[in-house]
Amino acid sequence: MSEFEKLKIVTKYELLKQFRRKRFYGALALIVLAMVLTIGLYKGLDIPGRMNRLDSPELFATFVSSISTLATICAVFFAGDAIASEFERKTGYILFPNPVKRTTLVVGKYIACAAATVILLIIAYLILAGALLGFYQQVPSGILGSMAIALMLACSVISMTFVFSSVLKGGMGATIAPLLTYLVIFSIISGALSAAGYDPWFMPNRAGNAVTATYGITLGQAFGGGHMGGSMSSSNPDPTLSFFVLLGYTVIFLPISIWLAKRREMI
Amino acid sequence: MKDIIVIDGLSKYYNGFLALDNLSLKVRENEDVALLGPNGAGKSTTLKLLCGLLYPSSGSMYINGVDVVEERERAISEVGTMLETPEFYPFFTPDETLSYLGRLRGMHGRELERRIKEVIKLVGLEKWGKVRIEKFSRGMKQRLALAQALLHDPQILILDEPSLGLDPRGMVEFREIIKKAKKKKTILFASHLLTEAAQICNKVAIIDHGKLCFYDDMSRLKKKYRSLERAYLKLTEREI
């Protein structure tokens with residue numbers, strides 16, 4: 001049997017694992033709730049009117065798309081314990097002594113985590129598209145670019161989380177550490193770079209902000225600030241550049257996590 | 001009979017602590033070898049190294065002539081393992097778990113379904129095949145671990161404290177299963193239970209402080225030391 005056949009088996013059962021867990025449905029409920037609340041607040045509070053802005057489908061999509069980054073945070077919850085738990089909960093004693101390469105196992109787990117996150121993102125964007133059609137009878141073409149960047153953001157976040165999961169002893173630590181890195185450390189670095197007048201285009205959180213940039217306006221421009229940092233971070237990150245930055249993080253961190261997982265011993 | 005398992009000058013350090021010291025051992029086809037020794041002697045380390053779960057500090061290991069370090073997947077393809085206290089994915093049922101592991105070992109279709117039913121019955125979990133493992137006791141997990149070890153009808157069984165956590169009836173049943181299964185298999189079996197080792201195995205290897213102290217037929221050991229217990233205590237530096 002080829003490694004590709006084994007990869008399909010690993011992915012199938014890892015995905016089944018994700019679907020059997022409460023956290024998938026918790027994340028799904030969170031995403032749906034956040035989308036509905038954001039749409040409700042936008043319309044109910046007449047946010048464009050209060051900000052003296054002209055309402056438009058692009059502005060609405062920009063405002064609501066920012067919630068899609070929440071789905072990528074959910075990716076951390078799927079990926080955090082993917083590798084670490086095999087060692088922590090000792091399930092590796094059953095899985096690893098099989099004629100399957102560690103690389104295949106890690107890649108299969110990665111695809112399953114990415115697929116679970118993609119499902120959440122697709123649901124989030126379907127809600128957005130439905131709301132756009134309901135309120136404005138049109139869907140801006142930028143929604144596809146936004147979704148592509150959100151997917152790539154999710155892939156890069158999962159890659160980074162896999163590095164932590166390959167190294168850290170516990171699944172909890174491997175979940176919290178990437179969240180802190182992404183939400184706190186990267187934000188501090190990006191903010192500091194922006195304050196110093198440098199565009200932190202290479203930072204994953206800055207590149208991730210491009211999910212709202214494909215509609216031609218940013219939250220900062222639309223609502224007068226809102227993004228931390230100075231003038232640089234309130235400007236639009238380039239969507240194409242951001243996509244490739246996130247792709248770069250994915251391509252770099254996934255092989256690192258595979259290498260680390262292969263070296264890890266089941267002590 | 002050919003040598004199925006060959007361990008040659010195997011050493012393993014854990015952060016400077018020498019857990020296995022230049023161990024050499026050969027297991028021939030259809031031999032049943034009990035690996036005995038006190039806690040921390042190096043039994044589990046030896047078995048984990050053989051399964052490719054640890055990397056040796058020095059030395060080499062071969063299963064069916066295949067280097068475990070160089071070609072781990074090929075080397076362990078004919079091995080069924082049961083290591084430490086087994087844990088399973090709690091969201092899966094035994095049927096799903098065995099289906100997953102069976103497919104990874106190249107089994108599929110009706111052959112896999114038939115074999116899953118067989119091993120589930122063999123370990124006495126017929127009524128639990130479709131119940132999530134999160135509801136299982138330790139003993140039930142132990143039975144399932146034995147089922148997955150036997151699933152692909154491997155040529156070699158590597159078992160580490162396999163009856164740990166089983167109730168007395170479970171232990172008797174387990175011994176019977178192994179006795180039936182061992183007819184065409186080579187078994188490497190680590191245990192603290194000397195009577196169990198004596199009932200299942202025809203050869204014994206006693207390890208202490210990572211070194212092989214004795215390796216011979218069970219009958220010769222009993223002849224030399226009068227009983228397995230005496231031999232164990234003598235060889236592991238504990239006089240009666």
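Select Ala34(B): opposite this residue stands Val204(B), in S9(B). This is a predicted model, in which local features need pLDDT of at least 70, side-chain atom pairs count only at pLDDT 80 or more, and totals for chains, interfaces and linings use all residues. Residues are numbered from 1 along each chain as its sequence is written, while chains are lettered from A and ligands numbered from 1 in the order in which they are written.

Next, select residues 32-36 and 203-208 of chain B, which are strands S3 and S9; they pair in the parallel sense over four bridges. Strands (E, at least two residues) and helices (H or I, at least four) are DSSP runs, numbered from the N terminus; two strands pair if DSSP finds at least two bridges between them.

Now widen to the sheet in chain B. Six strands in the order S6-S7-S8-S3-S9-S10 form an open sheet with mixed pairing. Its edge strands, each pairing on one side only, are S6 (79-82) and S10 (211-217) of chain B.

Move to chain A. Its secondary structure comes to 13 helices and zero strands. Along the principal axes, the C-alpha atoms of chain A fill a box of roughly 65 × 45 × 30 Å.

Finally, colour chain A by contacts (C-beta atoms, placed from the backbone, within 7 Å). Among contacts in chain A between residues at least 6 apart in sequence, 82% join residues at least 24 apart.

Definitions and conventions. Two residues are in contact if their C-beta atoms, placed from the backbone, lie within 7 Å.
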